[in-house]
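Here is a short report on one protein structure.

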Amino acid sequence: MKTDGKAALNKLKKRTSLMEAAFELFTEEGFQNTTISEIARKAGIGKGTFYFYFEDKYDIRNRIIISKSYEILHEALSSIPDKNDTFENKVIYVADRIIEKLSEDRILLRFIHKNLSWALLENSAEMSETFDLILKQAEESKEHFYKDVKTMMYLIIEMINGACYTAILYESPLPLEELKPKLFDSVRAVMKAFEVTKA
């Protein structure tokens with residue numbers, strides 16, 4: 001049994017090393033300029049071993065995007081300060097945390113490149129746990145019921161990520177602080193479209 005545990009831990013370490021090496025190379029050298037051989041070498045793993053964990057360079061990039069997106073979403077959802085606040089205010093808080101995280105880490109923003117919502121579409125155990133947090137928050141709403149919360153959150157995250165990308169990097173169409181109030185009004189409008197008043 002101990003051997004199985006060690007083997008599983010060793011596999012996880014190798015997979016993690018490959019993902020960390022790839023992220024570093026992709027963000028420093030560019031995705032197109034990075035080879036699988038370079039990723040494996042930087043991770044201290046043989047090139048053949050790479051294919052045990054990932055199909056190709058695109059697969060590892062996509063897995064990294066999903067992993068990084070999960071981290072951003074989970075951190076934002078887990079840090080809601082007032083658990084008794086309205087669901088709408090909680091969503092605005094989460095949106096603001098996501099925006100702050102992306103504006104603090106422009107390398108990560110460029111890497112994710114408008115794909116933050118992939119994490120919501122992924123049926124991973126980690127994302128299921130995070131999405132359960134969203135559902136729990138929605139169910140605890142005292143004022144309203146929200147239908148199809150997953151689609152609603154997908155649309156909100158897509159809108160946040162897409163709108164903030166150019167605002168953070170190029171201050172276009174507006175600087176981020178000017179865009180945020182308009183964006184939050186748009187988030188509320190999306191929520192209104194999914195809202196069902198409780199009887």
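Helices are DSSP runs (H or I, at least four residues), numbered from the N terminus. This is a predicted model, in which local features need pLDDT of at least 70 and side-chain atom pairs count only at pLDDT 80 or more, while totals for chains, interfaces and linings use all residues. Residues are numbered from 1 along each chain as its sequence is written, and side-chain values use heavy atoms, without hydrogens and water.

**The second largest pocket**

Helix 6 gives three residues to the lining of the second largest pocket, the largest share. A pocket is an open set of points on a 1 Å grid over the protein atoms alone, where a 1.4 Å probe fits, with protein on both sides within 12 Å along at least five of seven lines; lining residues have an atom within 4 Å of a point. The space in this pocket is about 150 Å³. Its volume is the space filled by probe spheres set on the points.

The lining consists of F26, T27, F31, R61, I65, I107, R110 and F111. Helix 1 (2-29), helix 4 (57-78) and helix 6 (106-112) each give two or more residues to it. By type, the lining has five nonpolar residues, one polar and two charged. Here Ala, Val, Leu, Ile, Met, Phe, Trp, Tyr, Cys and Pro count as nonpolar, Asp, Glu, Lys and Arg as charged, and the others, Gly among them, as polar.

**Helix 9**

Helix 9 has 22 residues, which at 1.5 Å a residue should span 32 Å; its end C-alpha atoms are 32 Å apart, so the two agree. The expected span is 1.5 Å times one less than the number of residues. A kink of about 30° is centred on C164. The bend at a residue is the angle between axes fitted to the seven residues ending there and the seven starting there. Just after helix 9, E171 has a positive phi of about 55°.

Buried means under 20% relative accessible area, exposed over 50%, and partly exposed in between (1.4 Å probe, protein chains only). Among the buried residues of helix 9 are V149, I160 and C164.

**Two residues compared**

Contact means heavy atoms within 4.5 Å. Leaving out residues up to four places away in sequence, L155 touches V190 and F194. L155 and V190 are 35 residues apart in sequence, yet their C-alpha atoms are 7.8 Å apart. With the same exclusion, K90 touches I80, D82, K83, D85, Q137 and E140.
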